[in-house]
Amino acid sequence: MAPLLPLLLAAATGVTPAPARFDANGRSIGPAPSDRAASYVLEARYEPAARRLTGTARLTWTNRSDLPQRTLWFHAYWNAFKNADSTFSHEALLRGISRTGTSTYGRDDWGWTELRSARLPDGTDVRPTLRWENPDDHNALDQTVFTLTLPVPVPAHGTVTLELAWEARVPKLVARTGVHGRYTLFGQWFPKVGVLEVPPQRGVRTPTWNCHQFHASSEFYADFGTYDAALTVPRTMVVGATGVRTGRTENADGTVTHRFHQDDVIDFAWTAWEGAVEVSDVFRADGLPEVALTALVPEDARATAPQILAAAKATLEHGGRAWLPYPYPHLTLVAPPLGANGTSGGMEYPTFVAVFARAEPVTPRDVLLWEVTAHEVGHGWWQGLLASNEFEEAWLDEGVDTWATAEVLEAVGLRWDFAQLLPPGARWLLGPLFRSSISERDLRTRRRSARFLSPVVRRVWEFRNSAEAGATVYDRAAAALETIEWEVGPEVFARIMRTYAERWAFRHPGTDDFLEVASEVTGRDLRPLGNALLRGTAGLDDVVGELSCTRIAPGGGPGLYDADGGTPVFRPAARVREGGRARCEVLVERRGDLPLPLDVRLTFQDGTQVTEPVPPGELWRRFMTERDFPGGQVVLAEVHPGSRPGLDTNRLKDARSLETTPAPALTVMGWLFYSAQLLAAAVGSIL
Amino acid sequence: MRGAAAAVRDALQVGIREWRTVGVLLGANWLVAALMVTPALPGVLGEFGHSPLAVGKPLVSTEILGGLGAAIESGRAPSVISPLVLLVLLQTFLTGGVVWRVCAGGPFRLGAFFGQSGRLVGRNARLFLWLLLLLVAAMLVPVALGAAMHALGLRTFLTETQEVLMFGNPFGGWSLVLLAVLGFAVACWRLSLEVGRVLLFRQDVRNTRRTAWRAFRLVLGSPRSVLVYGLLGLLASLAILLVARGRASVPDGGARRALLALAVGQGVLWLRLAFQVAGTRFAATLVQRLEIVPSTDAPSGPSPA
């Protein structure tokens, strides 16, 4: 009967979905798509009153290298919230990362995790070999990375199984983890093995452990594997998690054990939330696999659910057709309760994302909810499937996903209207003051510059501060992709992204892998451009600096001219009534150092146009024309006519007209004057 | 209740009738605003003067806001502090003229207006400084109430997390209660200031400290007047917001529209200043109603006729 079900469904809905890659229990159909280097069977019990989490994890780790490995590296992420001396706390305080700060923690807010035992199949406990490591900053007080040393090395391409037991105190909600009232989000919550990178993965020459400390502004990196979890919580709590729900058992002690399973993912996150409202839906589209959807929303923000589900479907549809069909059978969307959006909203885990909740969203489409959902669901591809190293090459996740978010919003025709950000009571009255229609792409222009202080490819905690890190790995990286798109054309670029997604799904691509795909698809070496954009600091700011025209009398200007006899004779300036020549000068400047082709288009008053290149390497060039007046006057000069490279800053300076343009200046000065009047009136009201 | 309605009606009528007084106040506002924005003019012209890509774009667009940002970053930012200092001096000066107009009535003469302004400027300034102390005291009431509400676990806009502004609704019941108390405290203080100014004018007294105290006691003794004055303020706020909304609804994108928006914006300012005059008139009526002074013109002021 089972094969008939899709047919019946197709007949009923008129939709013919693609064959699934995973079954209804989250298990892969056919060969495993990933190498499953690190798989876990997790069992955890959460006691919210005591904020205690106890758990066991059976880790099956495969040594993918050609060398035996005796020492295994692990993350103990929650120790980042243990005290003010963790690297995470230091960085959050020093670099002003508000939503990840522990600086406001009180006595009971701190959290920690502690490994109790780590047993091999023969019963040997290797817990006594635990050694804290601090590979990034030599902070001896940081306890977010540790190693365990085995009595016998894991042979090359061999496997080891470890039974880990741990206990943790759940911190007050911080950095997308912890407790907020009756809501708890569990991210990075179990002892997690690092990634042993093997040649040629991301350019390593020998097998190398990549296991960084928990930094305030970085995200994560992990191997693919199979996750099977049994989560025991009080009966009153609603649970959502990575993967597919495979069971629910009522226990005699008033708890419930929820079981979830998912093959071929890189992480497992979950939430336990008393009072959450659960809403289910299904994504169905021709030619794409079905995805069951679950939204968990606060009781007082129920209206959020339909919008985030619709946004998720739109993203699954666009991503499935443009990049790669989303393979997983289930996706959970968590909209945190009020007060927890800033610290836990806007985060991605495999098949489990945290978005935002609004008590009274704007209908029919709230851009804040749609944007965050499109972005987080988009991570399902650029972090979930193409599991890049977010510590060292965060742009491959955040930058690509920022580009992808703009694609989705453009596909559904949604633009930013800042009036939607107002609180419900103020929208009608103050809405017109903020009404706008700005594309996601354009919103990112403020992050562009003629020169940058850091390359895009950099370890995230090594940026000057969190603002630079965010601006670089999100917006500038997306603008860099748009610049490549401008260089190769949108259709070819779409092929690059699809090929990149198909080739690197269920693996760990690096920057060079992306550039190699781009070069292969285009048939030209894009590595120099890609390296300049991603590994250099050059920006792009091509401008029309000046445009001026003077009218020359038919016989020439005033001065001394040779008479017939050869003696110079003074000729005064003639009053030009008609005719004459128009002599125009256009100055074009390259204010950034990015070596991109630069064309200039001159439009004359008679409608003719001339396009001239600025030779590579020239930082500026002056174009001079002399034609009959008036039709020969240059009325408009434009750089990059037709389309503009994504990284180009200062859009206004891309074109200059001969005639003045009073309307924009009047708009701005009028608004400034009115604002000044209001300020004066406001101050005057207390005098 | 009928008396209160009549007082409000009278105040509003005076606010409308005294259009010349409002015009003088608007002129001062223009002067200050012009001083604020003039430094930005070269930068704005430089950015937008020959910018075809900015033509037709609304104010809230990356082109216009980006260009404005570039103009400001180049050091052509509007000036704020010095013009506001001038505003403080100007408004303190003009207050005497406004009080004269609402108390004395009669034909408007600019010379007389400035004469009264000059006559009272020193006392009005001293009165304001004395009453600033009262403002601090008045603000303690809503702050203390807010703290008490917080201690009791009641959520108000003072204690709500920042994200409530974007994700929730900050205008809950307790927030409205606190806002009402805040409004009453502000109204109490502001009415004391207005009453003090009227007393200074009508009684021609020199002791501003005593006048400030007396005005405050009078206002405290007439809480219904404070309520009505607060309602007048609420009415003013709503009217101003409505016209400001209308101004914001004028679409951007052209020179004519920009000028139209500026013109509608003057309506916002006009309304604001007319309500300011109406508020002073309300205070004058209150002083007269309480029969503190005989309803005669100021002894040392020029004849209103």
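Chain A and chain B bury about 5,800 Å² between them, and carbon and sulfur atoms give 72% of that area. On the chain A side, Leu652(A), Tyr674(A) and Leu687(A) lose the most area to chain B, together 14% of what that side buries. Please keep in mind that this is a predicted model.

**Where the chains meet**
- The contact draws on 66 residues from chain A and 70 residues from chain B.
- Between the two chains, 22 residue pairs are in polar contact.
- Helix 13 (662-684) of chain A is one of the elements that supply at least two residues to the side touching chain B, and with 20 residues helix 13 gives the largest share of that side.
- That side of chain A divides into 42 nonpolar, 15 polar and nine charged residues.

**Salt bridges across the interface**
- Two salt bridges are found across the interface of chain A and chain B.
- In a salt bridge between the chains, Lys653(A) meets Glu47(B) at 3.8 Å, N to O.

**Salt bridges within chain A**
- Over all chains, the structure holds 52 salt bridges.
- Arg36(A) and Asp263(A) pair at 3.4 Å, N to O, linking parts of the chain 227 residues apart.
- In that pair, Arg36(A) is partly exposed at 23% relative accessibility, whereas Asp263(A) is buried at 5%.
- Strands 26 and 29 of chain A hold the partners Arg581(A) and Glu626(A) respectively, whose closest N and O atoms are 3.6 Å apart.
- Glu585(A) and Arg622(A) form a salt bridge at 3.4 Å; they lie in strand 26 and strand 29 of chain A, so this pair ties together parts 37 residues apart in sequence.
- Glu197(A), Arg202(A), Glu392(A) and Glu393(A) are joined into one network by salt bridges that share partners.

Terms used. Residues are numbered from 1 along each chain as its sequence is written. Chains are lettered from A and ligands numbered from 1 in the order in which they are written. This is a predicted model: local features need pLDDT of at least 70, side-chain atom pairs count only at pLDDT 80 or more; totals for chains, interfaces and linings use all residues. Side-chain values use heavy atoms; hydrogens and water are left out. Contact means heavy atoms within 4.5 Å. Buried area is the accessible area (1.4 Å probe) that two parts lose on being put together, summed over both. A salt bridge is a side-chain nitrogen of Lys or Arg within 4 Å of a carboxyl oxygen of Asp or Glu. A polar contact is a pair of N or O atoms within 3.5 Å; within protein, one must be able to donate a hydrogen and the other to accept it, and residues adjacent in sequence count only if both atoms are side-chain atoms. Helices (H or I, at least four residues) and strands (E, at least two) are DSSP runs, numbered from the N terminus. Ala, Val, Leu, Ile, Met, Phe, Trp, Tyr, Cys and Pro count as nonpolar, Asp, Glu, Lys and Arg as charged, and the others, Gly among them, as polar. Buried means under 20% relative accessible area, exposed over 50%, partly exposed in between (1.4 Å probe, protein chains only).
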